Amino acid sequence: MSRDRSPRRLRRRAGDARAAVRRGALMAASLTALSLTASGCVVVHGEREVLPAATRAEATTAVAAFTAAYNKADKAFDSSLDAPYVTGPFGDIDAARLKAGHVNSPSGNAAHVPLKLSDVKITIPKKAGWPRWFLADARGNKAGDARWLLVFTRSGLNERWQVAYLTLVAPGAVPRFTTDKDGWAEAVPAGPSQLAVAPDALSADFATYLQKGGKTFADGTYTSVERTNRAERARKPGLVTQFIDKPLTNGDYRPLALRTADGGALVFFSSRHYEKRTAAAGTTMPPDNKDVQALTQGEVNQSLTLEFMSNEVALDPAGSGAVSLLGRVPGLTSAQGG
């Protein structure tokens, strides 16, 4: 019996063989996936699964690592020593503070007192996607009896935890948070929600409030009193002072919010502010302190523009009502003479 060895028949047989190999590979892959699922060995996608942002042990370690790096940087006035541990608005403030310190004292900080955090309370939200983040609420040995609120963030499993927000609030000001049966907190989305103000709108609303006032924010040290102080500075004889306020909402400056037990949210947000001082003709600009001088570029003749970064923490009520600003830590980041 003769065999058909025509090119067409040979190509068809080769194609059938390749198809059989592919079917075998697909079957093996399916059996492997089935066996992994059955045994409980499954891949968890952190970008989709709702998971605690960190373990409690991991968060505790991150707080200790930041504190050690912060103290080294403060003692040496060297921002490179804690740069890997800070980001966002606090990172900008900290870097400028250390830069000014180094300019004025290249040999280091003779007045250094190590920061010590005690009574540390860690709140970890359960959420999907990045960034992951958590809150550390501690008592510090500086700034009197104020509570130190540090928000740690990271944007990937292989990244280091960094402090994006550091604010100080009065004792007893931190609210109770909503938690599940395992003690994990609830992260509030930045966009529109059942709050008086959406978290991602707070920065812009705060900038508008400082310029025009309004009812969005409750009266207090960081709101109505700040507006009064600005008005007084603007009326100094021989000196014109102008203020510009800019919102920040993206990247490492995004707002972060935790659901409170009453249905509202504790929101951390940031903003940028400029203060331009212009001396009247025939007068000179009043001298500033050494830290301002260290961060000033150009010669100060008739004007000086100061740039500030600020991180805030606010209680945003459910439904409606005024937002209460609990804490605000601004810091000079640069200045320009003119």
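**Strand pairing and its surroundings**

Analyst: Happy to start with strand S1, which is joined to strand S3 (residues 125-127) by two bridges, the two strands running antiparallel. Everything here comes from a predicted model, so please read it as such. Within this pairing, Pro 52 sits opposite Lys 126 of S3. Both strands belong to an open sheet of three strands, ordered S1-S3-S7, in which the pairing is mixed. Strand S1 (51-52) and strand S7 (185-186) are the edges of that sheet; each has a single partner strand, so one side of each has no neighbour in the sheet.

Now let's move to another pairing, that of S9 and S10. These two strands are antiparallel and share four bridges, and one of the facing pairs is Leu 258 with Leu 266 in S10. They form a hairpin with five residues between the strands, where Gly 263 adopts a positive phi near 95°. Strand S9 (residues 256-259) is covered on both faces: Leu 256 and Leu 258 on one side, and Ala 257 and Arg 259 on the other, are all buried.

Phe 268 is part of strand S10 (residues 265-279). Its relative accessibility is 0%, and the cut-off for buried is under 20%, so Phe 268 counts as buried. What is Phe 268 in contact with, leaving aside its neighbours within four places in sequence? The list is Leu 135, Leu 149, Val 151, Tyr 165, Thr 167, Arg 254, Pro 255, Leu 256, Glu 312 and Val 313. Leu 256, one of these contacts, is also one of the buried residues of S9.

Finally, a word on a helix pair. Helix H4 (residues 202-212) packs with helix H5 (residues 224-234) at an angle of about 45°, and their axes are 9 Å apart. The two helices are therefore oblique to each other, and their crossing is right-handed. On the H4 side the contact is made by Tyr 209, Leu 210, Gln 211 and Lys 212, and on the H5 side by Ser 224, Glu 226, Arg 227 and Arg 230. Sorted by class, this contact has four charged residues, two polar and two nonpolar.

Notes: Residues numbered from 1 in each chain as written. Predicted model: local features only at pLDDT ≥ 70, side-chain atom pairs only at ≥ 80, totals over all residues. Heavy atoms only, no water. Axes fitted to C-alpha atoms, helices over the stretch in contact; angles between N-to-C directions. Parallel < 35°, antiparallel > 145°, perpendicular 65-115°, else oblique. Left-handed = near helix turned anticlockwise from the far one by under 90°. Contact = heavy atoms within 4.5 Å. Nonpolar A, V, L, I, M, F, W, Y, C, P; charged D, E, K, R; others polar. Pairing = 2+ DSSP bridges. Buried < 20%, exposed > 50% of the residue type's maximum accessible area, 1.4 Å probe, protein only.
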